Amino acid sequence: MNLLHIFRVVAFLEGLSYILLLCVSVPIKYISGDPSYVKMLGMPHGLLFMGYIALAIVLRTENQWIKNNFFMVLIASVIPFGTFVVEKKLNKTIQK
């Protein structure tokens with residue numbers, strides 16, 4: 001398993017954790033007053049976020065597509081569904 005494949009997996013998981021945090025945990029917190037779901041999903045999301053950023057920085061020197069779109073890759077990490085778009089576009093460039 002190479003570093004690019006790991007990045008694609010982390011990008012997908014980071015995006016999924018972000019969506020779950022925004023669409024499930026936060027509403028539960030404010031509707032029922034139970035912050036446990038935010039705590040439960042917040043830590044894994046934070047670790048995945050840091051991993052995504054670190055891998056993007058490392059891969060910037062190894063992968064031309066990430067180098068050319070580096071700021072888009074970084075900004076995608078804070079936009080809901082953004083990492084899914086990055087993963088899909090990266091996958092298309094790998095298959096060419």
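The following legends describe several views of one predicted model.

**Figure 1. Overview of the chain and its helices.**
The chain has 5 helices and 0 strands, where helices (H or I, at least four residues) and strands (E, at least two) are DSSP runs numbered from the N terminus. Along the sequence, the pattern reads α-α-α-α-α. The C-alpha atoms occupy a box of roughly 50 × 20 × 20 Å, taken along the principal axes. Of the 96 residues in the chain, 30% are buried; buried means under 20% relative accessible area, exposed over 50%, and partly exposed in between (1.4 Å probe, protein chains only). Among contacts between residues at least 6 apart in sequence, 67% join residues at least 24 apart; contact means heavy atoms within 4.5 Å.

**Figure 2. The packing of helix 1 against helix 5.**
Helix 1 (residues 3-32) and helix 5 (residues 82-95) pack at an angle of about 160°, and their axes lie 8 Å apart. Helix 1 is therefore roughly antiparallel to helix 5, a term that applies to angles over 145 degrees. Axes are lines fitted to C-alpha atoms over the stretch in contact, and angles run from 0 to 180 degrees between N-to-C directions. The crossing of the two helices is left-handed, which is to say that the near helix is turned anticlockwise from the far one by less than a right angle.

**Figure 3. The residues between helix 1 and helix 5.**
On helix 1, the contact residues include Leu4, Phe7, Arg8, Ala11 and Phe12. On helix 5, they include Thr83, Phe84, Glu87 and Leu90. The residues of this contact divide into 10 nonpolar, 3 polar and 3 charged. Asp, Glu, Lys and Arg count as charged; Ala, Val, Leu, Ile, Met, Phe, Trp, Tyr, Cys and Pro count as nonpolar; the others, Gly among them, count as polar.

**Figure 4. Close-up of Glu87.**
Glu87 lies in helix 5. Glu87 is buried, with a relative accessible area of 18%. Leaving aside residues up to four places away in sequence, Glu87 touches Arg8 and Ala11.

Pro44 is located in helix 2 (residues 36-62). Pro44 is partly exposed, with a relative accessible area of 37%. Pro44 and Thr83 are 39 residues apart in sequence and 16 Å apart in space, C-alpha to C-alpha.

**Notes to the figures.**
Residues are numbered from 1 along each chain as its sequence is written, and side-chain values use heavy atoms, with hydrogens and water left out. In this predicted model, local features need pLDDT of at least 70 and side-chain atom pairs count only at pLDDT 80 or more, whereas totals for chains, interfaces and linings use all residues.

Terms used
Angles under 35 degrees count as roughly parallel, over 145 as roughly antiparallel, 65 to 115 as roughly perpendicular and the rest as oblique.
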